[in-house]
Amino acid sequence: VVGCTTASPGSLLEAGDPLLDAALKQAFEDTWDGVEPVLDPSGEKPVSWPDAKEQGGWIYRCWDSAGNEFTKVVPWPEGDYDSIDQGPKLDAGNCALIGTYHSHTGSKTGHPDNDGTPNEKPSDADEILADNDGLPGIIIHGHPNDPGSYGLTPYGPSAPSDGCPPDGDDD
């Protein structure tokens, strides 16, 4: 099949695609843009960031008329603090849907500002949706109060469930 591409969760990140890298970093920035924390009673320690918004989107592998391969990212509508709805899929015959990405709000496990959620891991709902869609995904996690905390966690099935023959042939 011309234009057939399979993707594993890790392979979405291994390619080092500049467009995908930029989209992931932008989603992280947009998650925290203009967000002010709610402070504890002492007024010193942030305890939550209710105005943070999950960001996410679809990841496509596309081909131009000369057969050159490129990545296309289609963002979803902005979510809320702990959820996001998938937006409409791209309707283009020269592109194959190969994955998703979305941000988690909050610090990673073990960080003093962590809200008790393992934000660096996919939720049960994330895993179920990935399995139902048959697509690998990427969790974007971290917190602006912890500059070294930005990270990416791949998850989900090993390949898209449609668009490619089971044996991986591409002819």
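The largest nonpolar core of this predicted model comprises 15 residues. A nonpolar core here is a set of buried Ala, Val, Leu, Ile, Met, Phe, Trp, Tyr and Cys residues joined through side-chain atoms within 4.5 Å. Buried means under 20% relative accessible area, with exposed over 50% and partly exposed in between (1.4 Å probe, protein chains only). Leu20, Leu24, Trp32, Ile59, Tyr101, Ile138 and Ile140 have the most contacts inside this core. Helix 2 (18–32), strand 5 and strand 6 each supply at least two of its residues. Helix 2 gives the largest share, six residues. Helices (H or I, at least four residues) and strands (E, at least two) are DSSP runs, numbered from the N terminus. Another core, of nine residues, lies apart from the largest one. Among its members are Tyr60, Val74, Trp76 and Leu97.

The model is predicted: local features need pLDDT of at least 70, side-chain atom pairs count only at pLDDT 80 or more, and totals for chains, interfaces and linings use all residues. Residues are numbered from 1 along each chain as its sequence is written, and side-chain values use heavy atoms, with hydrogens and water left out.

One disulfide (a pair of cysteine sulfur atoms within 2.5 Å) is found in the whole structure. Cys62 is joined to Cys95, S to S 1.9 Å. The torsion about the S-S bond is about 110 degrees, so the disulfide is right-handed. Cys62 lies in strand 3 (residues 56–63) and Cys95 in strand 5 (residues 95–103), so the pair ties together parts 33 residues apart in sequence. Cys62 is buried at 0% relative accessibility. Cys95 is also buried, at 16%.
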